[in-house]
Amino acid sequence: ICITGDILDTNLVFDKKDVYNYFICFINNLCTISKVIITLGNHEMYGKTTNYKKIINDLKVNTDAIILDNELYKDGNICFIGFNPTEEYYKRRTKKLLIRDVNNFKFKIEKNKYNILLIHTPKDILSKKIYSNTEIVKNSDLILAGHTHGGMVPLNVFGHMGLIDHKKTLFPRN
């Protein structure tokens, strides 16, 4: 099970002990079903009250989930790449910042493995500019993204359309 962030719609719930304990319990229950690999989203990482390093530590200590904060996890011939853009990217959301952040990823990807990139934001990740300027995107065999809060349901009607995009727009183009 791969989780690519924004596990909760608002980070304020992390300040409520009973909800936070439920969150940890939920992740533990998932871990009884399958291996769970998590990257955090902007809601967990850059909220007003949240200390995302504490969330990562709590998940690592209190669950069997694998938490990737700009890290790799290898399982046989599969390599999971957990990439998190910086807070600056989420504030300004420019391709230039995303390219910078992706290129600052410190691990080399092994081309002989099946590489799965877990990235929170789907915005622009497959644009020609980012794809041609970033090794981890070019060398990923599968990209899993989050950020949509229940959003993208692809429809094969009228070309490249989805039902809802990351901005919660109905029937977005491309």
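Guide: What follows is a quick chat about some strands, a helix and a threonine.

Visitor: What should I know before I start?
Guide: This is a predicted model, where local features need pLDDT of at least 70, side-chain atom pairs count only at pLDDT 80 or more, and totals for chains, interfaces and linings use all residues. Residues are numbered from 1 along each chain as its sequence is written, and side-chain values use heavy atoms, with hydrogens and water left out.

Visitor: OK, where does Thr-4 lie?
Guide: In the loop between strand E1 (2–3) and helix H1 (17–33). Helices (H or I, at least four residues) and strands (E, at least two) are DSSP runs, numbered from the N terminus.

Visitor: Is Thr-4 buried or exposed?
Guide: Buried, with a relative accessible area of 9%. Buried means under 20% relative accessible area, exposed over 50%, and partly exposed in between, using a 1.4 Å probe and protein chains only.

Visitor: And what is Thr-4 in contact with?
Guide: Leaving aside neighbours within four places in sequence, Thr-4 touches Thr-39, Leu-118, Ile-119, His-120, Leu-144, Ala-145 and Gly-146; contact means heavy atoms within 4.5 Å. A polar atom of the Thr-4 side chain is 3.2 Å from the backbone oxygen of Ala-145.

Visitor: Switching to E1, how many bridges pair it with E2?
Guide: Two, in the parallel sense, with E2 covering residues 37–38. Strands count as paired if DSSP finds at least two bridges between them. Cys-2 is opposite Ile-37 in E2.

Visitor: What's the strand order in that open sheet?
Guide: E1-E2-E3, three strands with parallel pairing. E1 and E3 are at the edges with a single partner strand each, so one side of each has no neighbour in the sheet.

Visitor: How many residues of E5 are buried?
Guide: Five of the six in E5 (residues 78–83), so the strand is largely enclosed by the rest of the structure.

Visitor: And what's in the turn between E4 and E5?
Guide: The two strands form a hairpin with two residues between them, and Gly-76 in the turn has a positive phi of about 65°. Asp-75 has Ile-78 in E5 as its bridge partner.

Visitor: Last one: which residues of H3 are buried?
Guide: In H3 (residues 52–62), Tyr-52, Ile-55, Ile-56, Asp-58 and Leu-59. They cover an arc of only 165° around the axis, taken from the directions from the helix axis to the C-beta atoms, which puts them on the same side of H3. Those buried residues pack against H1, helix H2 (42–45) and strand E3 (66–67).

Conventions: A polar contact is a pair of N or O atoms within 3.5 Å; within protein, one must be able to donate a hydrogen and the other to accept it, and residues adjacent in sequence count only if both atoms are side-chain atoms.
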